[in-house]
Amino acid sequence: MTDYGMVIDLERCIGCNACAVSCSQENNVSLDKQWNRILTEGGDAMDTPEGSYPENGRDGTLSMNHLPLACQHCDNAPCVKVCPVNATYKRDDGIVEIDYDKCMGCRYCMSACPYNARVFNFDEPKTLPTDGTGNVEERKQGVVEKCTFCSHRVEEDLDPACTVACPADARIFGDLDDEESTASRYVEKYETEQLLDELETDPNTYYIRGEMSPGRTRSGNELEGTEKKAVGNPNGVATDGGDGQ
Amino acid sequence: MSAASDAGVVVPRFGTRGKAWLALLGVLIVAGLGAWAYQLRQGLAVTGMDNVFSWGLYIMLFVLFIGLSAGGLIISSAPKFFHSKRYDSLAALGVLLSLGCIVVAGLLILPDLGSPSRVTGFLTSPDPRSPMVWDFGIVLLYGLFNVGYLWLLTRRDFAKMGSWLAFGVEDTPAGRERDRKFAFWAAAIAMPLAVGLHSVTGWIFATQIGRGDWFNPLVAPMFIMKALVSGLALLLVTGILVDRFTRFRFPRELVPELGKLLGIFVAVHVIYLVAAERLPHAWAAHFEFWSITRAFLVGDTIHFWLWTLIGGVLPIALLAVPSLRRRIKAVFVASVAAIVGILFEGVYLIFTGYHDLNIDAAPGVTTGTDYTGLEADIWATTGSYTPTIVELAVAVGLVAVGALIVTLGLRFVPIQPNDRTPVSAERDETTATTADPVATDGGADAEVAGDA
């Protein structure tokens with residue numbers, strides 16, 4: 001079996017929002033919403049720290065971290081259980097996906113998701129350019145949508161757009177059922193947390209906090225089980241900003 | 001229309017006031033449809049909802065009307081179950097109200113949907129795990145049951161009127177006796193069905209781990225209790241109004257009696273259950289005696305106060321004093337206040353789910369409704385909601401549909417056959433049709449007066 005998941009190293013994340021931008025580009029997400037958000041753990045506003053500035057040398061307490069947040073692709077996904085019409089479902093490969101032709105827009109799943117990962121098309125999506133971006137068809141007014149782990153890319157043996165776009169190698173995508181995958185090795189080696197794990201949703205997204213992972217290019221062969229898959233089909237259009245090395 | 005043929009119908013024909021009422025309902029329904037058409041074209045962007053506060057007025061009123069309907073049926077069928085005839089004169093009206101309310105509740109779901117044409121998914125690909133599927137099933141079952149139950153209670157009188165709605169049933173003493181037995185069994189089904197309806201609606205919320213206080217085993221019992229409160233209150237309000245404006249007779253001695261019962265229901269709901277829900281949290285979260293007390297007693301939102309003061313303290317004050325609750329006006333005001341309170345309890349429940357985000361770090365969640373240009377702020381870290389005119393117009397239109405159902409029921413269904421006295425099962429067929437039965441209880445027959 002396959003069980004796709006993601007490891008996000010919060011110590012490597014630099015809060016650059018490249019993953020959020022590439023997500024919106026790749027998935028044709030309307031300008032009034034984001035599937036992938038970069039939250040600031042710190043002050044009250046984005047990219048501000050909490051604590052105080054060091055007035056006398058080393059007495060400062062400023063601290064700030066970033067938390068990229070998108071659909072966690074939970075094993076015990078509340079959104080899947082509440083959907084009255086089976087429009088949202090857990091795929092055999094672990095991805096939680098929405099059938100946009102079945103969704104009737106009742107938004108029960110939005111109430112169910114403790115991560116607020118889901119967004120609703122209150123009106124027609126707005127994109128620049130107006131005929132859309134990326135490689136995913138636009139969703140209509142009146143349906144719920146969210147991160148799909150770029151299932152259209154994964155099906156072509158490519159990593160999700162966010163993973164490829166991350167300049168800090170903070171995102172590792174892979175098969176959690178495969179012990180040899182890089183993602184599994186990271187979960188095995190580093191202390192990870194699942195967000196809101198007290199709610200027992202059992203997400204397929206793991207966050208590394210505390211000890212920073214070395215980054216894929218420096219980690220050597222020990223952790224490199226499966227390579228980063230940036231560009232697959234040579235005839236395809238590279239939309240991820242990768243240079244197709 | 002001959003006197004014999006409208007026996008039992010409390011509005012033999014619509015007078016000027018009746019027609020004006022129908023016209024008003026018609027205008028409201030058309031306005032509601034217009035608003036819904038506008039919303040369908042523009043999308044739910046014309047409502048006050050967004051990605052953080054994703055359910056609004058429609059669901060708040062859905063919860064209210066589910067409550068109003070379940071209560072009405074329990075009130076009218078429970079006495080039948082215990083073979084009491086004391087409330088017979090209210091039974092058919094209660095079921096008619098239940099029917100009207102459950103239709104409104106069911107219809108309120110439609111404008112809440114982003115793609116209402118796909119509502120057929122409930123039938124073509126339902127997920128049995130979803131509490132909303134359970135609710136869909138039980139709302140449908142409950143609505144159909146109400147139609148059947150109302151017909152069972154009135155079919156002999158339809159037959160007596162010679163109405164085709166009797167569907168071939170004859171009006172015979174033996175038949176009436178048999179119907180009484182059927183009504184017992186129907187009541188035996190009605191009560192668990194009503195309890196189920198309200199619990200399942202509560203579980204729509206109570207199963208959700210992601211929305212704060214929704215995840216609370218007390219929600220379903222709270223829903224049962226608020227059904228009893230709001231259902232009985234609506235029966236009292238409607239009964240008093242219908243007594244005032246039609247030939248319907250609300251037996252006067254029942255008013256303080258049901259008023260007292262309403263007072264008990266309100267006390268159990270607003271005092272006991274609220275205490276049971278809040279005390280453990282307040283106790284666990286605070287250390288000093290007074291801060292525990294404060295956290296226990298003092299609510300933090302306007303909706304909490306609207307619910308507990310208008311919907312709790314005021315009705316209890318009016319209904320606890322015997323000399324007050326013997327006044328119809330006092331019972332009427334208390335009932336209206338109780339319904340308003342229950343409305344705001346639903347509002348309060350929705351707000352407790354959506355106000356705070358589980359992960360509320362800046363910049364928060366994209367609202368999905370605030371894009372005005374590239375410099376727009378599309379983010380929110382707390383939920384806020386104010387219904388728009390469009391939502392209000394749609395909702396009022398749907399409530400008018402319920403009022404229309406009840407009005408037409410009063411016009412065409414013999415909800416009070418004969419001059420039925422509350423404790424007697426006697427059916428004297430001669431007295432019913434001659435005199436205006438309303439005169440004795442202080443009610444006026446407005447329709448007749450209007451026609452004269």
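This is a predicted model: local features need pLDDT of at least 70, side-chain atom pairs count only at pLDDT 80 or more; totals for chains, interfaces and linings use all residues.

Me: What makes α1 (residues 18–27) of chain A mostly covered?

Reply: The count does. Seven of its 10 residues are buried. Buried means under 20% relative accessible area.

Me: Which residue just after α1(A) takes a positive phi?

Reply: A:Asn28 does, with a phi of about 60 degrees.

Me: Why is B:Thr386 called exposed?

Reply: Its relative accessibility is 58%. The label needs over 50%. So B:Thr386 counts as exposed.

Me: Where does B:Thr386 lie, and what does B:Thr386 touch?

Reply: B:Thr386 lies in the loop between β2 (379–380) and α13 (389–412) of chain B. Leaving out residues up to four places away in sequence, B:Thr386 touches B:Gly48 and B:Glu391.

Me: How far apart are B:Thr386 and B:Phe53 in sequence and in space?

Reply: In sequence, 333 residues apart. In space, 10.0 Å apart, C-alpha to C-alpha.

Me: Now the two chains. How many residues of chain A are in contact with chain B?

Reply: 51 residues of chain A are in contact with 54 residues of chain B. The area buried between the chains is about 4100 Å², and carbon and sulfur atoms give 57% of that. In chain A, A:Met104, A:Tyr108 and A:Phe122 lose the most area to chain B. Together they make up 19% of what that side buries.

Me: Which elements give two or more residues to the side of chain A that touches chain B?

Reply: They are β2 (37–41), β3 (65–69), α2 (78–82), α3 (108–112) and β6 (119–120) of chain A. By class, that side divides into 31 nonpolar, 10 polar and 10 charged residues.

Me: How is chain B divided?

Reply: Into domain 1 (15–202 + 388–414) and domain 2 (211–357). Their centres are 22 Å apart, taken over C-alpha atoms. The contact involves 31 residues of domain 1 of chain B and 34 of domain 2 of chain B. About 2900 Å² is buried between these domains, with carbon and sulfur atoms giving 83%. On the domain 1 side, B:Met60, B:Ile75 and B:Leu90 lose the most area to domain 2, together 19% of what that side buries.

Me: What makes B:Arg86 and B:Glu257 a salt bridge?

Reply: The N to O distance is 2.6 Å. The cut-off is 4 Å. The pair therefore counts as a salt bridge. Between the two domains of chain B the count is one salt bridge, and four residue pairs are in polar contact.

Me: Which element gives the most to the side of domain 1 of chain B that touches domain 2 of chain B?

Reply: α2(B) does, with 12 residues. By class, that side has 19 nonpolar, 10 polar and two charged residues.

Conventions:
Residues are numbered from 1 along each chain as its sequence is written. Chains are lettered from A and ligands numbered from 1 in the order in which they are written. Side-chain values use heavy atoms; hydrogens and water are left out. Contact means heavy atoms within 4.5 Å. Buried area is the accessible area (1.4 Å probe) that two parts lose on being put together, summed over both. Helices (H or I, at least four residues) and strands (E, at least two) are DSSP runs, numbered from the N terminus. Ala, Val, Leu, Ile, Met, Phe, Trp, Tyr, Cys and Pro count as nonpolar, Asp, Glu, Lys and Arg as charged, and the others, Gly among them, as polar. Domain bounds come from an automatic or database domain assignment. A salt bridge is a side-chain nitrogen of Lys or Arg within 4 Å of a carboxyl oxygen of Asp or Glu. A polar contact is a pair of N or O atoms within 3.5 Å; within protein, one must be able to donate a hydrogen and the other to accept it, and residues adjacent in sequence count only if both atoms are side-chain atoms. Buried means under 20% relative accessible area, exposed over 50%, partly exposed in between (1.4 Å probe, protein chains only).
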